[in-house]
Amino acid sequence: MDLISHNVAIKRRAGESQWIALCSGLIQTTLAQPQWGRMLHGTLQVFTTKDSLQPSEEKVGAFTKMIEAMGFTGPLKYNKWKIKIAALRMYTCCVEKTDYEEFFNRFQMPDTLNSWFLVSQLHVWMCLVRMKQEGRAGKYMCRYIVHSMWEDVEQRGKVMGIDSVSLKESMRNMTENFYAAIFGYDEGILSDDHVLAAAIWRNLFNKHCDDPRELEIMVEYIRKQVQHLDAIPGEDLLLSGEVSWRPLVETNAQSIVKPALPTYNDEGL
């Protein structure tokens, strides 16, 4: 818990722009579950990500470096308001194109705001992983994806009739869980299936999963979704924000193909 508290403190001091740079690092955590290792070894390695998830080097001038060092965002490849719209659309795809009922039923999760958030943050994280590969514009978009998520969480809490004090406390806990989860997921996606399964066990299942087959399903799900998002050109994501999701369980694993490209008009909308 000391590591999680430390990272939350960093986030509160530095804000979202500092976090986006920080979350590209890896936190070395461990969790050994020998009985799961046998289930998760081998076949799931087919769902691999690109060799590097780091954005390509982007040359910027001295003035841009100076204003960004002051906390501002310099000129980007695309208009910032278009990127903000694309970020909102991408977040909308995370919550509207995800079959929450299937997750709740498959993994015996209670139908609550917190369960909805755990599933949503997983899909938001996968979008962040993809967009961080798109340089400064992608990082800028990440900031507004996260911003859209917190606005939506707050609005959903109000619609559900949660009083302001309880909602504030719930959002504080969700914030801590979110920033802890992304470190674990980041480490898992760049490591082997055992590390990723440990992150899923801690963050999605809240350490309440005793069936290694459920972890196997989720490891496979995340690997194939990241592969699916990697197949979409970055320009299309920055201009449209449209993403889709593979089924939770594939009837035919060979059906994972390059997704259809999104469409947008001449103004990038």
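**Notes on confidence, helix packing and aromatic pairs**

1. In the chain, the confidence of the predicted model is lowest in helix H2 (residues 34-40), with a mean of 41, and highest in H6, at 96; pLDDT is the predictor's confidence in each residue, from 0 to 100, and helices are DSSP runs of H or I with at least four residues, numbered from the N terminus. The chain averages a pLDDT of 77, and 65% of the residues score at least 70.

2. Over residues 1-56 pLDDT stays under 50, and for these residues the model has 93 contacts (heavy atoms within 4.5 Å) beyond four places in sequence. This is a predicted model, in which local features need pLDDT of at least 70 and side-chain atom pairs count only at pLDDT 80 or more, whereas totals for chains, interfaces and linings use all residues. Residues are numbered from 1 along each chain as its sequence is written, and side-chain values use heavy atoms, with hydrogens and water left out.

3. Leu 122, His 123, Trp 125, Met 126, Cys 127 and Arg 130 in H6 meet Met 218, Tyr 221, Ile 222, Gln 225, Val 226, Leu 229 and Asp 230 in H10.

4. The structure holds 10 aromatic pairs, where rings of Phe, Tyr and Trp (its six-membered ring) pair if their centres lie within 6.5 Å. The rings of Trp 150 and Phe 178 have centres 5.7 Å apart and planes at 85 degrees, so this pair is edge-to-face (planes over 60 degrees apart). Trp 150 lies in helix H7 (residues 135-159) and Phe 178 in helix H8 (residues 164-189), so the pair ties together parts that are 28 residues apart in sequence.

Key: Helices (H or I, at least four residues) and strands (E, at least two) are DSSP runs, numbered from the N terminus. Rings of Phe, Tyr and Trp (its six-membered ring) pair if their centres lie within 6.5 Å; planes under 30 degrees apart count as stacked, over 60 as edge-to-face and the rest as tilted.
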